[in-house]
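Please consult the sequence and the model while reading.

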Amino acid sequence: MAHATIYMGCTVPQLLRGAQSRIFPSHSPLGVLRHSAFCYCTGNGTIKSKRKMDHLERTANNFRQEVITQAKVCGITNESETVKRLRLAIANKDFTFKAGQWVDFFIPGVSVVGGFSICSSPSLLEREGILELAVKHTVHPPAHWIHTECTLDSEVALRVGADLHGYQEGKGNRHKLGTAKLYYSAKNTSEFLFKKNILGLMKAFPGKITCCFHVTQQRSQISKELQPHITEGRISEKDLEKHVSNDTSWYICGPPPMIESISKLLTNIGVPRNRVFFEKWW
């Protein structure tokens with residue numbers, strides 16, 4: 001059955017996942033992992049946090065591939081003033097992932113394990129042996145290392161974590177292509193990551209993939225290619241209520257206050273809680 005999917009996000013492309021961990025690195029990026037059995041659940045509901053848990057602790061019960069691979073940094077680009085795209089050459093040919101998965105990110109000499117979402121497609125890994133991450137600058141040690149110390153040819157290690165579908169293989173299900181609508185909010189257009197990629201997808205799949213870019217503090221002139229897709233102001237109830245249906249799934253990505261606000265908004269317009277999805281990493 002064809003279905004619609006609504007994505008709502010802000011300029012944090014994926015929430016950084018990680019704090020203090022229990023990895024003891026050797027001279028190789030691969031280390032001995034010892035992590036707590038403490039379970040941190042992912043799901044819907046009111047956001048609450050009693051203490052700041054580390055990345056491995058929060059995801060202890062999530063599925064992980066057995067393969068840990070070494071990787072070498074082969075490209076670093078600035079997606080915005082605060083976000084770097086990291087291009088990694090993967091050493092192990094058995095290393096695979098699915099769209100929507102994230103990686104444990106191990107850095108030699110850094111005791112904290114990072115958790116970052118993969119922003120490239122599985123097909124890029126298959127074709128070129130390349131994986132890409134988009135990482136926002138914070139004081140979190142792995143993110144700070146990427147923005148201040150990481151250089152071309154730096155070596156790290158990666159391990160794939162769970163995906164949004166619980167790592168379940170399809171069993172002969174035939175799905176018709178549905179539609180995807182992205183509501184993307186940022187302070188200004190310079191903070192929109194991957195806008196060229198998004199515009200390219202809209203051209204490649206007209207009517208199937210669409211995006212509305214929301215700006216809240218735009219001061220400069222907006223480019224001609226973006227102008228038709230720009231809305232001033234935050235994502236509102238009026239924007240979303242026209243998409244409410246039994247076949248629509250809603251995915252939210254952003255900082256905790258934004259996710260909490262949008263979740264309440266969706267409840268107000270009658271979206272069932274079991275149709276709303278987001279990750280809790282705090």
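The questions below concern a predicted model, and each answer sets a value against the criterion for a term.

Q: What makes up the secondary structure of the protein?
A: The protein contains six helices and 14 strands. Of its 282 residues, 47% are buried. The protein exposes about 15400 Å², of which carbon and sulfur atoms supply 51%.

Q: Why are β7 and β8 said to stand at the edges of the sheet?
A: The open sheet has six strands in the order β7-β6-β9-β4-β5-β8, with antiparallel pairing. Strands β7 (114–117) and β8 (130–136) each have a single partner strand, so one side of each is left without a neighbour in the sheet. From one strand to the next, the twist averages 40 degrees.

Q: Where does helix α3 lie, and which of its residues are buried?
A: Helix α3 (residues 141–148) lies across β5 (83–90), β6, β7, β8 and β9, and runs at about 105 degrees to β8. Its buried residues are Pro142, Ala143, Trp145, Ile146 and His147. These pack against β5, β6, β7, β8 and β9.

Q: Why are the buried residues of α4 said to line one face of the helix?
A: In helix α4 (residues 195–204), Ile198, Leu199 and Met202 are buried. Seen down the helix axis, the buried residues of α4 fall within an arc of 95 degrees, so they line one face. In general, an α-helix has 3.6 residues a turn, so residues three or four places apart point the same way. On the other side of α4, Lys196, Lys203 and Ala204 are exposed. The buried residues of α4 pack against β10 (179–186) and β11 (209–215).

Q: Why is the contact between Glu132 and Arg85 called a salt bridge?
A: A salt bridge requires a side-chain nitrogen of Lys or Arg within 4 Å of a carboxyl oxygen of Asp or Glu. The closest N and O atoms of Glu132 and Arg85 are 2.8 Å apart, so the pair meets that limit. This pair links distant parts of the chain, with Glu132 in strand β8 and Arg85 in strand β5, 47 residues apart.

Q: What makes Glu132 buried, and what makes Arg87 and Glu128 partly exposed?
A: A residue is buried under 20% relative accessible area, exposed over 50%, and partly exposed in between. Glu132 has 7%, so it is buried. Arg87 has 25% relative accessibility, so Arg87 counts as partly exposed. Glu128 has 46%, so Glu128 also counts as partly exposed.

Q: Which salt bridges does Arg87 form?
A: Arg87 forms a salt bridge with Glu128, the closest N and O atoms being 3.1 Å apart. Arg87 lies in strand β5 and Glu128 in helix α2 (residues 122–128), so the pair ties together parts that are 41 residues apart in sequence. The side chains of Arg87 and Glu132 also meet in a salt bridge, at 2.6 Å from N to O.

Q: Which residues are linked in a network of salt bridges?
A: The network links Glu79, Arg85, Arg87, Glu128 and Glu132. The structure holds five salt bridges.

Key
Residues numbered from 1 in each chain as written. Predicted model: local features only at pLDDT ≥ 70, side-chain atom pairs only at ≥ 80, totals over all residues. Heavy atoms only, no water. Pairing = 2+ DSSP bridges. Helix = DSSP H or I, 4+ residues; strand = E, 2+ residues; numbered from the N terminus. Axes fitted to C-alpha atoms, helices over the stretch in contact; angles between N-to-C directions. Contact = heavy atoms within 4.5 Å. Buried < 20%, exposed > 50% of the residue type's maximum accessible area, 1.4 Å probe, protein only. Areas by Shrake-Rupley, 256 points an atom, 1.4 Å probe, with all protein chains shown as cover. Arc of directions from axis to C-beta.
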